[in-house]
Amino acid sequence: MRLYFKWIISVLIFLTIPFSASSEEAITFNCDKKFHLEYAEFSGMAFAGDYLVLLPQYPGNSTFEKLPWGKKPSKGCLFYIKKKDILEAIFSYNPLKLYGFEFDLENGENLKGKFQGYEAIAFEGDKVFLTVEMEKKSYLIEGTLKKNKEGAPIKITLDLSADKIEEFSQIVSKKKSRDTLKASNSGEETLVFIEGKKIVFHERRVCTGKSQECIEINESLKDCENIDEVKQWKNFPNFISRYSTPNNKKQCFLIDLKDPYCDDRKQGCSLDFDRITDATQPDSNEFWVITRGEKYFFINRLSYISMGNELRFKRGKQMRLSKSRGYNWEGIVRIDSPNGFLVVVDANRNPNRLETSLCFKPFNGSPLKCFNMITGDKK
């Protein structure tokens, strides 16, 4: 009898012991709970079938606060919205419900440097690709998307094995009055698929000569296989794109965003953008990019011609998105019916509060329509 009571007491004592770290982690990253979306800071989005997936810059923290500087998240939450709900909300005042799903990172130690956030996301079937910004490098990484029987995302697992990641040297600029190089807080924020190539765009302008308006091309682009050609580009500010060849070298291309109606010989043309923050996936040899100027954000059409390993880009139609001050549009996708774009802003300061907004921008240039977003249980 005494042994029986001792056994009962031992069980009761065991039940009072706190859960292990793994149990606490599972509770911390409950992706079905309610989140404060004003702090989500979405940095990219893409359609996975009939579901719009939104990528927080810091998905490894359930409150979306920045992790300690340099700490890489291993688990977290991404979100999706049903496409049919978005289309209904465009013509009504219905709030959009966001559903959380699991984000898991393996072999994170292969990302070298201090973590600065995830920037872009794109899907190719059940494969997912993301860009990651570190202190001195950017990475293109890949993983798999797991879906339920309805096709909705339930988990993304990133595989950061050494043979699954692509590294891009960070473009750096020279400090004023010094010969030393200074890394800018910028990286590959845009990812598009063109004819089987995964093309990344560096967010800031570059140029071949000294200028206060852009990053000077220098040895930080030494990973470009066509570096001699790069150095001969015209001496005006523009953007640069890169992709990896099978031998792990990079091909680099100039993205000319000068006004196509400007005659440089007569009046001199200046580039009125200083950043590219995201792009739609190409369709019929064209796609759209978000660009930031001194006063406004714009949506610009880019057409391209592929000539073997070479890509040539040309700017076309432009529409104004919003004022630059207080906004930071980080994601864009194209929708056909109704004709327009979905865009997400990660910083709408009103006046000092960080808010996240998803909006619809009609193709005809009509004003933005922004949605009320809510989260919670899937039930």
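**The hairpin and its surroundings**

Tutor: Start with E24 and E25: they form a hairpin with six residues between them, and Gly365 in the turn has a positive phi of about 90°. Strands here are DSSP runs of E with at least two residues, and helices are runs of H or I with at least four, numbered from the N terminus. Keep in mind that this is a predicted model, where local features need pLDDT of at least 70, side-chain atom pairs count only at pLDDT 80 or more, and totals for chains, interfaces and linings use all residues. Residues are numbered from 1 along each chain as its sequence is written, and side-chain values use heavy atoms, with hydrogens and water left out.

Student: OK, so which order do the strands of the open sheet come in?

Tutor: The order is E22-E23-E24-E25, with antiparallel pairing; two strands pair if DSSP finds at least two bridges between them. The edge strands, E22 (329-335) and E25 (369-370), each pair on one side only.

Student: How many bridges join E23 to E24?

Tutor: Six, between residues 340-345 of E23 and 357-362 of E24. Val344 has Leu358 as its bridge partner, and Phe341 stands opposite Lys361. On the E25 side, two bridges join E24 to E25.

Student: Is E24 buried or exposed?

Tutor: Six of the six residues of E24 are buried, so the strand is largely enclosed by the rest of the structure. Buried means under 20% relative accessible area, exposed over 50%, and partly exposed in between (1.4 Å probe, protein chains only). Ser357, Cys359 and Lys361 cover one side, while Leu358, Phe360 and Pro362 are on the other.

Student: Switching topic: how many disulfides does the structure hold?

Tutor: Two, a disulfide being a pair of cysteine sulfur atoms within 2.5 Å. One joins Cys359 to Cys370, S to S 2.0 Å. Cys359 lies in E24 and Cys370 in E25, so this pair ties together parts that are 11 residues apart in sequence.

Student: Why is that one right-handed?

Tutor: The torsion about the S-S bond of Cys359 and Cys370 is about 95°, so the disulfide is right-handed. Cys359 is buried at 0% relative accessibility, whereas Cys370 is partly exposed at 44%.

Student: And what about Cys224 and Cys252?

Tutor: Their sulfur atoms are 1.7 Å apart. Cys224 sits in the loop between strand E15 (215-216) and helix H4 (227-230), and Cys252 is in strand E17, 28 residues apart from Cys224. The S-S torsion of Cys224 and Cys252 is about -70°, so that disulfide is left-handed.
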